[in-house]
Amino acid sequence: MAAKSSKPRIWISNRTPNSGAVVTVKAMVTHPMETGLRKNAHSEVIPQNIVETFECTLAGETLLSWQLHPAISQNPYLEFKFVARKSVDLTMRWVADDGLRIETTETITVT
Amino acid sequence: MMNLSRRDTLRLGGVAIAALTIAPARARAETEALIKEFAGGKTPKNAGLTLDIPLAAENANAVPVTIRLDDRFSGARSCEEFLLVAERNPIPEACRFKFSPAMGMADVTTRIRLAESQTVVALARMSDGEILVRRVSVTVTVGGCNG
């Protein structure tokens, strides 16, 4: 069963940074990150259902990719920093093992 | 309901004890294999990398972890990849991060589950092939994988 897709929660430290400034991005999606190791009340294994990859791209180029395993907590949280060089559209995409995709785009304008 | 003779019960107990003593050794072997594959034959250097994780995890279901390369990328030297390993988790490999040189720095934070008290290992592969490592021993009171 595919988890219900929800809007990711994104926080960006500065959307209009100076060139060379460090920008912090905090991103979280709602997802159970079911490990596949737990059993339900009938001793049946609950199938694994995790977000497998996260990718942050700008202008088609991958800036950061994150490969997740069941050790990542429920509602996977990611915080990353990068050095702002030019104005870009940051596209963030989460893909789960059941095909669920969550995508969002944020604009950073370097001043 | 199974009927177990006294002898069967003793034998099962023996198997259980053997499994308990083998498990940590197997986990360590798996971690070593992961590290070896990541390092590609290089000896990891214990410098230049920070692994920020609480020494005592209050909630093992969500332990905050930060992996940070101490220096920013400079010229041709950047960080290609981070590997995070929790050696006594059922699946030791926790996650990987791949960086583009355009990031200018490598500093990431997430939250992980820890099944029990163990050593958490962070590794970084630099663009010049150098491998950096940092290990932190974390104490867990209530495990975070079965609840």
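**Exercise 1.** Which residues does B:Phe82 touch, not counting residues up to four places away in sequence?

*Solution.* This is a predicted model, in which local features need pLDDT of at least 70, side-chain atom pairs count only at pLDDT 80 or more, and totals for chains, interfaces and linings use all residues. Residues are numbered from 1 along each chain as its sequence is written, while chains are lettered from A and ligands numbered from 1 in the order in which they are written.
- Start with the test: two residues are in contact if their C-beta atoms, placed from the backbone, lie within 7 Å.
- Then list the partners of B:Phe82: B:Ile67, B:Arg96, B:Phe97, B:Ala106, B:Val108, B:Ala122, B:Leu123 and B:Ala124.

**Exercise 2.** Find how chain A and chain B meet.

*Solution.* 
- Count both sides: chain B brings 28 residues to the contact and chain A brings 25 residues.
- Look for elements, where helices (H or I, at least four residues) and strands (E, at least two) are DSSP runs, numbered from the N terminus. On the chain B side, β5 (93–99) and β6 (107–112) each give two or more residues, and β5(B) gives the most, with seven residues.
- Follow the pairing (at least two DSSP bridges between two strands): β4 (residues 61–68) of chain A runs antiparallel to β5(B), joined by five bridges. Here A:Leu64 stands opposite B:Phe99.
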